[in-house]
Amino acid sequence: MVDRNQISFQKEKFEHIYNRYFSFFFEIACQFLSNNEDAKELVQDAFIKLWEKEIYFKPEQELKNFLFILIRNKCLNHLRDQKKSLKMVDSRGYMLATINYKLLSETGEDILLHHELIGKIQTAISNLSPQCQEVFRLSRFEDLSNKKIAERMDISIKAVEANMTRALKNIRQELLPYLSENETSGMSRLYSVLASLL
Amino acid sequence: MDKIKHLLIHFLQKNSSNEELEEMEHWLKETANRRMLSSYQKLWVWSGQLKPRKPQIEFETIWNKIENQRTFHIPRHIWKYAAVLLLCLNIGWGAIYLFQQKNQSTLSQSIEIAAGQSANSIITLPDQSLVYLHPGSRLEYDFGSGNDSRDVFLDGEAYFEVEKDVKRPFTVHTSKADIRVLGTKFNVFDTRESEIAQTTLVEGKVEFTTNYGKSYILKPSQMIELNTETKTVQLNQVNTELYTAWKDGKIIFRNESLGNIARKLERTYHVKFIFENPDLASAYEFSGTFHRETSIGEVLQMLQISIPMDVKRTERFPEPDLIYLK
């Protein structure tokens, strides 16, 4: 009944979307969930939904919004379950789930601006002082602990943390126009930023 | 301040100590602090995408999962037809009805405007004030006789951008309250059928007076909610965008129960929800932003993906469609 060629064409399109967006949404889920395996499972499920509902043909902006809605809600449900089950058992896990739930529920669609802003972030990082840049790279890209970074660069942990602080502060300063720290919420922010980038 | 910076960094690196987490939780009680952390999280997520070796899961893994699941996969073309049909209907209802009534006994002219069922109406009043009228709402105004006040009467929801005129105060009268302003931007919700009256102030200053004579002064970003059934008044700091997004054709849900969502959708689309399983109304929460151009079919489809439920729809044109949730 279903044409073989058609399936392979659809698969190709879906694969393209998957390769383009998986790691980004995985990164978001990891940011809010304490267990990366949970995050992986959850984001995979979302992509399977994307296939099942044939949404992968929609324009990219809509697709991203759809995946974000899906993944945020899945993460929120996951965190809510965790809050319930960990309440009396694991105070650290409970605290993490509570904080992350609160943060995620206030995270707007402007987090999707990544593809538009990645160049600006790259510039912001390369504008850091060499030592600052090295510390940031080792922490963010090599996932090294502050202690390991201190050993490798032969500086104190204090110096590592001071450099991290400076790095984040400077990057935030350069990206400030694109971060919605004022009242305007995600969506309108998203569109005004998109408009300003055009 | 330094201490906070370390808290932030450890949190992003996911190696906060228990004490730091506790401090974090306390620190995050301030909205401004949450926003700040949220910005850092975004930067963290974004910069993570520059990793030379990104965590990847081979496409084949996910494809195998799909192949195993796909025993009876029926493409849902039906939704597409439903969406097109709904779009056509929406255009039909987009009209605004204007009635001009001349009052015989006085020379004043009262004008009544009823918004259509589906599109927002944007009205410029004689004093150049702007009103966005929510679908299904009615607005009446009388600026004709006497020049000392501006009075409008509202049943439903409207967003006002009032021109400043100190000599002529602007008052919105609703079934439960009067809202008096000088020059400002604010949203009012009060239908006769509902027990709730809401006013959200975006800019400026307004005075909210209940119909039993109690007055409250609102500051920007405050929302006042009067419940005539419980006879309570709540004054809260809110994100005004959530209450005014409708004027730009957006529907925003933030951790809202299905019951609330259904009520909002009923006011936007020509539908009525019936909960066949009453627990469903409060069992799930959902967040998301839709544009008004999104058809109700697509909105339901999105909801259904996040919330396990059965949706059945009965068309009753021109009466609102019934949507059964189970």
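This is a predicted model: local features need pLDDT of at least 70, side-chain atom pairs count only at pLDDT 80 or more; totals for chains, interfaces and linings use all residues.
**Entry 1: chain A overall**

I started with chain A and listed its elements. I found 9 helices and 0 strands. Read from the N terminus on, the order is simply α-α-α-α-α-α-α-α-α. Next I looked up burial: of the 198 residues in chain A, 39% are buried. I also checked how far apart in sequence the contacting residues are. Taking contacts in chain A between residues at least 6 apart in sequence, 63% join residues at least 24 apart.

**Entry 2: one helix of chain A**

Then I noted which residues of α4(A) are buried: A:L96, A:A97, A:I99, A:N100, A:Y101 and A:L104.

**Entry 3: where A meets B**

How many residues does each chain bring to the contact? I got 60 from chain A and 55 from chain B. On the chain A side, the elements giving two or more residues are α1 (4-32), α2 (36-52), α3 (60-86), α4 (91-105), α5 (114-126), α6 (130-140), α8 (157-175) and α9 (186-197). The largest share of that side comes from α1(A), with 10 residues. Sorted by class, the side of chain A that touches chain B has 27 nonpolar, 17 polar and 16 charged residues.

**Entry 4: a run of strands in chain B**

I moved to chain B and followed the strands from β6(B) onward. Strand β6 (residues 150-161) pairs with β7(B) in the parallel sense, over 4 bridges. One pair I wrote down is B:F153, whose bridge partner in β7(B) is B:H173.

Which residues of β7 (residues 170-173) are on the covered face, and which on the uncovered one? B:F170 and B:V172 are on the covered face, while B:T171 and B:H173 are on the uncovered one.

B:V181 stands opposite B:V206 in β11(B). Next comes the pairing of β11(B) with β12 (residues 215-218), antiparallel over 4 bridges. In that pairing B:F208 stands opposite B:Y216. β11(B) and β12(B) make a hairpin too, with 4 residues between them. I flagged B:G213 in its turn, which has a positive phi of about 90 degrees.

**Entry 5: a helix in chain B**

Last, I looked at α7 (residues 258-268) of chain B. Its buried residues are B:L258, B:I261, B:A262, B:L265 and B:T268. Why do they sit on the same side of α7(B)? They cover an arc of only 125 degrees around the axis, which puts them on the same side. The spacing made sense to me once I remembered that an α-helix has 3.6 residues a turn, so residues three or four places apart point the same way.

I then checked what those buried residues pack against. In chain B the partners are β15 (250-257), β16 (271-275), α8 (280-283), β17 (285-291) and α9 (296-306).

How values were computed. Residues are numbered from 1 along each chain as its sequence is written. Chains are lettered from A and ligands numbered from 1 in the order in which they are written. A residue is buried if 20 or more other C-beta atoms lie within 10 Å of its own, exposed if 12 or fewer, and partly exposed in between; C-beta atoms are placed from the backbone. The arc is that of the directions from the helix axis to the C-beta atoms. Two residues are in contact if their C-beta atoms, placed from the backbone, lie within 7 Å. Ala, Val, Leu, Ile, Met, Phe, Trp, Tyr, Cys and Pro count as nonpolar, Asp, Glu, Lys and Arg as charged, and the others, Gly among them, as polar. Two strands pair if DSSP finds at least two bridges between them.
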